[in-house]
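Before reading on, please take a moment to look over the sequence and turn the model slowly. The paragraphs below then lead from the overall build to single residues.

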Amino acid sequence: MADAQAVADVPPAGCIDLFWLPLGAGGSGCVRRNGRMFEALAARRQHRTPCDLFHSALEVHVDGARFTVEMVPAWGNGALDRGVVTTGPVGLRLLGRSRLFRYEVRRWRDGTIPDLADATARVRVVLEDVDLSRRLLALVPGVPTATWGRDELGTGDMWNSNSLTAWLLARSDVDVDAVAAPTGGRAPGWQAGLVVARRLTAPLSG
C-alpha cells in the first residue's frame, strides 16, 4: 500500500495528490452557509463541537500526463471537453433528470479544479507508483453513482465528492488510514466511500 508523503515541487512519475478544499470555497456563500447549518445540527445531535467542513479532489500524474479527478455540479460548466465519465442525481433520484440536480464525475486530462486556490492542504497519497496511478484512473468510470447528499447505499454516511475520493483510493489499495481531513476539520461522505469499497473487496462467506 502507498503511504501519504510530503509534496515535492516537481511531481514524480506515477503520483497522486489529494487536495482538501473548504466547503463553499470559490465564493459560494450559499453552500458555505448551508454547510455550517448542517454541521451545527450534526454536532448538536452527536454532542460534539462543530468542525470545519472539507471536500476533496485528486490530481494524478502518470505517463507524462496530468489528470484532475473530482465530483462537481453538472450545471455552470464552460469547457466542452472536461473529462466527464459519468453522472448522478443530486438530492432525489427523480430530480436527476434535470441538469440542475445532477453531478458529474471528471477524469480530466490537463484539467482544472475550480477552487484550487482556496485549498487548505495538499497531500501526496502516492509518492511514486505508476501502476497504482493507472489503476486509479481506470477505476473512475466505475464509481457508484448514488444520489448526492443521501445514504442510498446504507453506509451511515451521505454520498458526495469525498465518497468518490475515498472509494477510488481504497479500491486502488492506497493506505486510506493515513489520510485524514485537516486538523479540526471533517469530511462528510468519506466513510461512505470506504464502506462501499470494502464491500467490493470483502471475501465471500461460506
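What percentage of the 206 residues in the protein do buried residues make up? Buried residues account for 44% of them, where buried means under 20% relative accessible area, exposed means over 50%, and partly exposed lies in between (1.4 Å probe, protein chains only). This is a predicted model, in which local features need pLDDT of at least 70 and side-chain atom pairs count only at pLDDT 80 or more, while totals for chains, interfaces and linings use all residues. Residues are numbered from 1 along each chain as its sequence is written, and side-chain values use heavy atoms, with hydrogens and water left out.

The protein has four helices and seven strands, and along the sequence they follow the pattern β-α-β-β-β-β-β-α-α-β-α. Helices (H or I, at least four residues) and strands (E, at least two) are DSSP runs, numbered from the N terminus. The predictor's confidence in each residue is given as pLDDT, from 0 to 100; its mean for the protein is 84, and 78% of the residues reach 70 or more. Confidence is lowest in helix α1 (residues 29-46), with a mean of 59, and highest in α3, at 97. Where pLDDT is low, the predicted coordinates should not be read in detail.

In soluble globular proteins, nonpolar side chains tend to be buried together. A nonpolar core is a set of buried Ala, Val, Leu, Ile, Met, Phe, Trp, Tyr and Cys residues joined through side-chain atoms within 4.5 Å, and the largest one here has 37 residues, with W159, L168, L169 and W190 making the most contacts inside it. Elements that each supply at least two residues of this core include the strands β1 (15-22) and β2 (52-62) and the helices α3 (161-171) and α4 (190-201). Taking contact to mean heavy atoms within 4.5 Å, 79% of the contacts between residues at least 6 apart in sequence join residues at least 24 apart. A separate example of chain parts meeting is given by Y103 and P73, which are 30 residues apart along the chain, with their C-alpha atoms separated by 4.3 Å. Y103 is found in strand β5 and is buried, with a relative accessible area of 2%.

Charged side chains can be followed next. The structure holds seven salt bridges, a salt bridge being a side-chain nitrogen of Lys or Arg within 4 Å of a carboxyl oxygen of Asp or Glu. In one of them D17 pairs with R122, the closest N and O atoms being 2.8 Å apart; D17 lies in strand β1 and R122 in strand β6, so the pair ties together parts that are 105 residues apart in sequence. D17 counts as buried at 0% relative accessibility, whereas R122 is partly exposed at 38%. D17, R122 and R124 are linked in a network of salt bridges. In another salt bridge, the side chains of R106 and E104 meet at 2.9 Å, N to O; R106 is buried at 3% relative accessibility, and E104 is buried at 2%.

D63, in the loop between β2 and β3, has a positive phi of about 55° although it is not a glycine. D110, in the loop between β5 and β6, also has a positive phi of about 55° without being a glycine.
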